[in-house]
Amino acid sequence: MQRGSSGGRADTSRRLMENQNDAKAEALADQVARLKELSYDIEAEVGNQNRLLEQMNGEMGSASGMLSDTITKLNLMLQTGGSRHMVYLIVFVVFAFIIIYWIMRNKG
């Protein structure tokens, strides 16, 4: 009679361990699913950040081009002379920088 109860205990113990393993495997599967979802969210965020950086790079390039054009015009005016043109150019440069500053501040 003891042998039968010993075998029954082992069987019950084995089932209990299998149930615990199943529960742990299910919890692990849930964690893996959450990590997978998190990795997809990170991928989407990285894509959005890359697009933003590319857009900012283009805007900085256009601002750099504008500044380069302004300096070229300033050098041309310095070579041709004329103080009135110089005043207009300086006013234009200051105004352009104010506009660029305002645009960059309001976009960010």
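Student: What radius of gyration does the chain have, and how does that compare with a compact globule of 108 residues?

Tutor: This is a predicted model, and in it the chain has a radius of gyration of 36 Å. A compact globule of 108 residues would come in near 13 Å. The C-alpha trace spans about 120 × 20 × 15 Å along its principal axes.

Student: What secondary structure makes up the chain?

Tutor: The count is 2 helices and 0 strands. Helix H1 covers residues 2–80, and helix H2 covers residues 83–107. Buried residues make up 4% of the 108 residues.

Student: Why is Glu26 called exposed?

Tutor: Exposed means over 50% relative accessible area. Glu26 has 55%, so Glu26 counts as exposed.

Student: Why is the contact of Arg14 with Asp11 called a salt bridge?

Tutor: The cut-off is a side-chain nitrogen of Lys or Arg within 4 Å of a carboxyl oxygen of Asp or Glu. For Arg14 and Asp11, the closest N and O atoms are 3.2 Å apart, so the pair is a salt bridge. Both residues lie in helix H1, 3 residues apart, about one turn of the helix.

Student: How do you know that Arg15 pairs with Asp11 as well?

Tutor: The N to O distance is 2.8 Å, so this pair is a salt bridge by the 4 Å cut-off. Arg15 and Asp11 are 4 residues apart in helix H1, again about one turn.

Student: Why are Asp11 and Arg14 called partly exposed?

Tutor: Partly exposed falls between buried, under 20%, and exposed, over 50%. Asp11 has 30%, so Asp11 is partly exposed. Arg14 has 48%, so Arg14 gets that label too.

Student: What about Lys107 and Glu59: what makes that pair a salt bridge?

Tutor: Their closest N and O atoms are 2.7 Å apart, so the pair is within the 4 Å cut-off. Lys107 in helix H2 and Glu59 in helix H1 are 48 residues apart, and the pair links distant parts of the chain. Lys107 is exposed at 53%, whereas Glu59 is partly exposed at 23%.

Student: How many salt bridges are there, and which residues are joined into a network?

Tutor: The count comes to 3. Shared partners join Asp11, Arg14 and Arg15 into one network.

How values were computed:
Residues are numbered from 1 along each chain as its sequence is written. This is a predicted model: local features need pLDDT of at least 70, side-chain atom pairs count only at pLDDT 80 or more; totals for chains, interfaces and linings use all residues. Side-chain values use heavy atoms; hydrogens and water are left out. Buried means under 20% relative accessible area, exposed over 50%, partly exposed in between (1.4 Å probe, protein chains only). The radius of gyration is taken over C-alpha atoms; the globule rule is 2.2 Å times the number of residues to the power 0.38.
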